[in-house]
Amino acid sequence: MDLNIKLPPAPTPLGAYVEAVQTGNLLFLSGTLPVEAGVPKFAGRIGGELSLEEGRAATRLAALNALALAREHLGSLARVTRVVRLGVNLVTTPDFRDHPKVADAASELLVSVFGADKISTRQVLGIASLPLGLCVELEVTLEVGP
């Protein structure tokens, strides 16, 4: 099935770390940000400088970058047998309460790619700041097969 999703080039590390580590059948992806063609997108706080919809767009872009990292490491996303965990860190205003709606943008993309039977556990946190002043960072763990 063609989902008409175009993955960006896999992002490169911003520091002294690697973007993906596989141990056994688990693939751990480093935090992915909403970066497009090497350019940071969606700086600011959701509920302040950024709307809920802009937060969702940023979260979807970060998820696309996570998929690009997984594809680069594995050679093909067909090797993914399950999305184990999705961590979503959001920079929001103190009174923002719709964290799950923003995080759903990543969950919905992962379900559309891998199927509802492979949906992950999820943790969503509101935090004070993230690298480059961006509004979202995702952490993804995948189970992979041969």
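Thr-92 is found in the loop between β5 (80-91) and α2. The model is predicted, so local features need pLDDT of at least 70 and side-chain atom pairs count only at pLDDT 80 or more, while totals for chains, interfaces and linings use all residues. Residues are numbered from 1 along each chain as its sequence is written, and side-chain values use heavy atoms, with hydrogens and water left out.

Thr-92 counts as buried because its relative accessibility is 13%. Buried means under 20% relative accessible area, exposed means over 50%, and partly exposed lies in between (1.4 Å probe, protein chains only). Neighbours within four places in sequence aside, Thr-92 is in contact with Arg-45, Ile-46, His-99 and Ile-127. Contact means heavy atoms within 4.5 Å.

Ser-30 sits in strand β2. At 18% relative accessibility, Ser-30 also counts as buried. Ser-30 and Leu-138 are 108 residues apart along the chain. Their C-alpha atoms are separated by 8.1 Å.

Ala-37 is exposed, with a relative accessible area of 76%. Leu-132 is found in the loop between β6 (121-127) and β7.

A cavity is a set of points where a 1.4 Å probe fits but cannot get out. A pocket is an open set with protein on both sides within 12 Å along at least five of seven lines. Lining residues have an atom within 4 Å of a point. Grid points are joined across faces, edges and corners, and a volume is the space filled by probe spheres set on the points.

The largest pocket has a volume of about 260 Å³. Its lining holds 17 residues, of which Pro-11, Thr-12, Leu-14, Val-35 and Gly-38 lie nearest the centre. The elements giving two or more residues to this lining are β2 (26-32) and β3 (35-36). By class, the lining divides into 10 nonpolar, 5 polar and 2 charged residues. Here Ala, Val, Leu, Ile, Met, Phe, Trp, Tyr, Cys and Pro count as nonpolar, Asp, Glu, Lys and Arg as charged, and the others, Gly among them, as polar.

A search of the whole structure finds 2 cavities of 30 Å³ or more. The largest cavity has a volume of about 50 Å³. Val-83, Ser-107, Leu-110, Val-111, Gly-115, Lys-118, Ile-119 and Ser-120 line this cavity. Helix α2 (residues 99-114) gives the largest share of the lining, 3 residues. The lining of the largest cavity has 4 nonpolar, 3 polar and 1 charged.

The second largest cavity has a volume of about 30 Å³. Its lining consists of Leu-29, Ala-66, Leu-67, Ala-70, Leu-110, Val-140 and Leu-142. Two or more of these residues come from each of α1 (52-74) and β7 (136-144). The largest share, 3 residues, is from α1. The lining of the second largest cavity has 7 nonpolar, no polar and no charged residues. Leu-110 lines the largest cavity and the second largest cavity.

Note on methods. On a 1 Å grid over the protein atoms alone, a cavity is a set of points where a 1.4 Å probe fits but cannot get out, and a pocket is an open set with protein on both sides within 12 Å along at least five of seven lines; lining residues have an atom within 4 Å of a point. Helices (H or I, at least four residues) and strands (E, at least two) are DSSP runs, numbered from the N terminus.
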